[in-house]
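Please read it with the structure open alongside.

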Amino acid sequence: MELIFIYALGAELYGMIEILWRGRTHWTMLLCGGACFTVMYLISAAAIPFWSKCVLSALAITAIEFCVGCLVNITLGWSIWDYSGMAMNIKGQICPLFTFFWLLLSIPGLALCSFMRRLFQSSFLPWNA
């Protein structure tokens, strides 16, 4: 139940970020966002320094974005995004600038993950009572 909730929360947040940033989103980005936030949630539990968690989260999000981009943009030809005009991009799917943005967003994202972990470990939620 916990990871399903985390996945759904990540899907919603990713979609909202896309709408705020680009003015639109695509349903596949909700799936991608759910996967990204779930991985970030798992990373947040690691016994490593916070900045290491940020870097790992940014790299994981970039890797997921690359895989999803190769599927939806290159294989299926849906043209959901295109970073080919960005410096040092890889196949137009990822670029260092957006990896840096993911690093910055991982700071509040990991804080939210920690909050959600505490919430799931408390007796506040009905299924934990």
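1. Glutamine 93 and its surroundings. Not counting residues up to four places away in sequence, glutamine 93 touches Glu65, Phe66, Gly69, Cys70, Asn73, Ile74, Trp81 and Tyr83, where contact means heavy atoms within 4.5 Å. Glutamine 93 is placed in the loop between helix 3 and helix 4; helices (H or I, at least four residues) are DSSP runs, numbered from the N terminus. The relative accessible area of glutamine 93 is 3%, so this residue is buried. Buried means under 20% relative accessible area, exposed over 50%, and partly exposed in between, with a 1.4 Å probe and protein chains only. Its side chain makes a polar contact with the side chain of asparagine 73, at 2.7 Å. A polar contact is a pair of N or O atoms within 3.5 Å; within protein, one must be able to donate a hydrogen and the other to accept it, and residues adjacent in sequence count only if both atoms are side-chain atoms.

2. Basis of the values. This is a predicted model, in which local features need pLDDT of at least 70 and side-chain atom pairs count only at pLDDT 80 or more, while totals for chains, interfaces and linings use all residues. Residues are numbered from 1 along each chain as its sequence is written, and side-chain values use heavy atoms, with hydrogens and water left out.

3. Glycine 92. Glycine 92 is also found in the loop between helix 3 and helix 4. With a relative accessible area of 1%, glycine 92 is buried. Leaving aside neighbours within four places in sequence, glycine 92 is in contact with Trp81, Asp82, Tyr83 and Ser84. The C-alpha atoms of glycine 92 and aspartate 82 are 5.2 Å apart in space, and the two residues are 10 residues apart in sequence.

4. Which phi value does methionine 88 have? Its phi is near 55°, a positive value in a residue other than glycine. Phi of lysine 91 is likewise positive, near 55°. Most residues other than glycine have a negative phi. Methionine 88 lies in the loop between helix 3 and helix 4, and lysine 91 lies in the loop between helix 3 and helix 4. Methionine 88 counts as exposed because its relative accessibility is 68%; lysine 91 is exposed, with a relative accessible area of 62%.

5. Helix 2. Helix 2 covers residues 27-44, has 18 residues and reaches 26 Å from its first C-alpha to its last, close to the 26 Å expected at 1.5 Å a residue. The expected span is 1.5 Å times one less than the number of residues. The buried residues of helix 2 include Met29, Cys32, Gly33, Phe37, Met40, Tyr41 and Ile43. Their cover includes helix 1 (2-22), helix 3 (50-75) and helix 4 (96-121).

6. Is glycine 34 buried or exposed? Glycine 34 is buried, with a relative accessible area of 0%. Leaving aside neighbours within four places in sequence, glycine 34 is in contact with Tyr7, Gly10 and Ala11. Valine 39, which also lies in helix 2, is partly exposed, with a relative accessible area of 29%.

7. The salt bridge. The structure holds 1 salt bridge, in which the side chains of glutamate 18 and arginine 22 meet at 3.4 Å, N to O. A salt bridge is a side-chain nitrogen of Lys or Arg within 4 Å of a carboxyl oxygen of Asp or Glu. Glutamate 18 and arginine 22 are separated by about one helical turn because they are 4 residues apart in helix 1. Side chains of opposite charge can pair when their charged atoms come close. Glutamate 18 counts as buried at 13% relative accessibility, whereas arginine 22 counts as partly exposed at 27%.

8. A nonpolar surface patch. Tyr7, Trp27, Leu31, Leu71, Leu76 and Trp78 form a nonpolar patch on the surface, with about 610 Å² of accessible area together. Patches are made of residues with over 30% relative accessible area and no salt bridge: like charges are joined within 9 Å, and nonpolar side chains (Val, Leu, Ile, Met, Phe, Trp, Tyr) within 5 Å. Accessible areas come from the Shrake-Rupley method with a 1.4 Å probe; for residues, only the protein chains shown count as cover. One of the patch residues, leucine 71, is placed in helix 3 and is partly exposed, with a relative accessible area of 47%.

Conventions:
Helix = DSSP H or I, 4+ residues; strand = E, 2+ residues; numbered from the N terminus.
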